[in-house]
Amino acid sequence: MVTGVLPAIDTGPAIAMRRLLFGQLLSRAVQTLVTLGVPELLADGPRTVDELARLTGTQVRPLRRLLTALVVFDVVAAEPDDHFGLTPLGATLRQDVPASAAPTALLAAGEVGEAWDDLRDTVRTGRAAFERTHGEGFFDHLRRDATTRLVFDRSQEAGLMVELPGILAAVGQPDVGTVVDVGGGDGALLAAVLTAEPTLRGVLLERSEAVAAAADRIARAGLADRCRLHVGDFFQEVPGGAGVYLLRHILHDWDDDRCVALLRRCAMAMDSVATLLVIETVPAKPAGTGVDAEVAALMDLYMMSLFDGGRERSLAELTELFAAAGLDLTRVTPLPGGAAVMTAVRR
């Protein structure tokens, strides 16, 4: 029997903290749903747990518990007669929808998530976890592992769909002439820009291991006659003569010195009327709250796990990098999800 007076405490913060701590389980549950292929199986409507278990090679009772847990978080919906279906939130996990979250889930379920698990040693040592965990840097891993490269490119493309309308508006009018996508990956951004504006021409600058995927995408889009693939290292050269230069989520991979070196290369390639469009996540002020602030904070930890020196930067920090490279920031256009398009010109 308990005797005495219990201390008066506010249980709200204690419960909220436990919810944060259990967040890893929620992430793993969503990842499991994707790796089992459940969102695709539910694309045409609800199915019974028995049917889902048979199709995924899982046990009925644990699968039902997984689905029931995800009902609470509005990922799936419980239907009569032991059926489950996708909610609008859960539908973003399908591979075939615009801005799909499935590639991100697959990265988190694989080597990227393993690096996150080593965050404690990253904080202790100041070194990115990915190389310590996998024996090679993230980009070296992408060059060697075609499967991870494909998932990464799909993740980048899915994120692009959220940002694309704002980026297209920032590119501007047809008299831009030529657009250079610096470090353009598999060409998803440049293909979208050229498709949206038929008078533009494009140059994609990438390393040799990424060019084949870009060439395939450009060809499938019917843009081969308007787009040139330039194999190179953007720290060594950036093609000149363009009206617009694009850097989408590149700077957050590198330390300040490398960022300034890259921006300086872009400035050297630009003439007096060219513009540089830099798309990056821009964290809120320390007191910032809301979904965008949360995404930016988590993306910074993501970068810290993958890259030595990689991080998300505040607008003030990015402005300093532009200035050090001989560029002036002239406009900042917010994008959904906490990113922004920053327009810069040569001094």
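Modeller: The model is predicted, so local features need pLDDT of at least 70 and side-chain atom pairs count only at pLDDT 80 or more, while totals for chains, interfaces and linings use all residues. Residues are numbered from 1 along each chain as its sequence is written, and side-chain values use heavy atoms, with hydrogens and water left out.

Colleague: How many helices and strands are there in the protein?

Modeller: Helices (H or I, at least four residues) and strands (E, at least two) are DSSP runs, numbered from the N terminus. On that basis the protein has 17 helices and ten strands.

Colleague: Is His252 buried or exposed?

Modeller: The UniProt record, an unreviewed entry, annotates His252 as "active site"; such annotations may be inferred rather than shown by experiment. His252 sits in the loop between strand E7 (244-248) and helix H15 (256-269). Buried means under 20% relative accessible area, exposed over 50%, and partly exposed in between (1.4 Å probe, protein chains only). Because its relative accessibility is 6%, His252 counts as buried.

Colleague: Which elements cover the buried residues of H7?

Modeller: In helix H7 (residues 102-109), the buried residues are Ala102, Pro103, Ala105, Leu107 and Ala108. Cover is judged by contact, meaning heavy atoms within 4.5 Å. The covering elements include helix H2 (23-35), helix H8 (111-116), helix H12 (146-171) and helix H16 (291-306).
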